[in-house]
Amino acid sequence: MNRHKKLYTRREINARIRETGKRIAADSEKGKPLLAVCVIKGAVIFFADLVRSIKGRDVRFAFVSASSYKTSGDRMVSSGGVDMKYCSATDDEINGADVLLVEDIVDTGRTIAAVKQYFVEKGAKRVRIAALLDKPDCRKVEIDPDYSALTVKGNPYIIGYGLDNAQKYRNLDGIFEQ
């Protein structure tokens, strides 16, 4: 059925997410709430799994919509800019907060850098980044996730587990190279 090369199974992904959640819980300030911010749409599946694995902390949710990609034919390509469309967190929720940005993939770094800057400007006390996938070979801006569940070398096009190509393949039960 699936013609794509499988890079990670659901079991492998879930094990790495649990490890990442433990690290985030250990690094979070005891007694202080953590504002976990899902960068939608791609991070939704990772976000749900990750926040459940952050034990012993008060985790609050927020959502942002931001993208540096656009559809070109049947593929997604980097637009070179970032379009930040929506943030569900109020200024009062952000000001002084310990923020964890939850992103599906950090490749060029443009999107997550812009989202991080937004939360810094709104007065967050600390802003950290958790990514399902890190593609460090693709960086266009200097930013690295504080936590990455998985790393992919080179520049393969990745789909599945929330990651898409023109809104397709998000529901694949694993991570694949297209």
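Is aspartate 134 buried or exposed? At 8% relative accessibility, aspartate 134 counts as buried, where buried denotes under 20% relative accessible area, exposed over 50% and partly exposed the range in between (1.4 Å probe, protein chains only). The structure is a predicted model, in which local features need pLDDT of at least 70 and side-chain atom pairs count only at pLDDT 80 or more, while totals for chains, interfaces and linings use all residues. Residues are numbered from 1 along each chain as its sequence is written, and side-chain values use heavy atoms, with hydrogens and water left out.

The protein contains four helices and nine strands, assigned as DSSP runs numbered from the N terminus (helices, H or I, at least four residues; strands, E, at least two). Read from the N terminus, these elements follow the order β-α-β-α-β-β-α-β-α-β-β-β-β. The radius of gyration, taken over C-alpha atoms, is 16 Å, which agrees with the value near 16 Å for a compact globule of 178 residues, the globule rule being 2.2 Å times the number of residues to the power 0.38. Along the principal axes, the C-alpha atoms fill a box of roughly 45 × 35 × 25 Å, and buried residues make up 48% of the 178 residues. Of the contacts (heavy atoms within 4.5 Å) with a separation of 6 or more, 67% involve residues 24 or more positions apart.

Side chains of opposite charge can pair when their charged atoms come close. With a salt bridge defined as a side-chain nitrogen of Lys or Arg within 4 Å of a carboxyl oxygen of Asp or Glu, the count comes to 11 salt bridges. One of these joins aspartate 173 to arginine 10, with an N to O distance of 3.5 Å; because aspartate 173 lies in the loop between strand 8 (158-159) and strand 9 (174-177) and arginine 10 in helix 1 (residues 10-27), the pair ties together parts that are 163 residues apart in sequence. Aspartate 173 is partly exposed, at 43% relative accessibility, and arginine 10 is likewise partly exposed at 43%.

Elsewhere, salt bridges that share partners join Asp98, Arg126 and Arg128 into one network.
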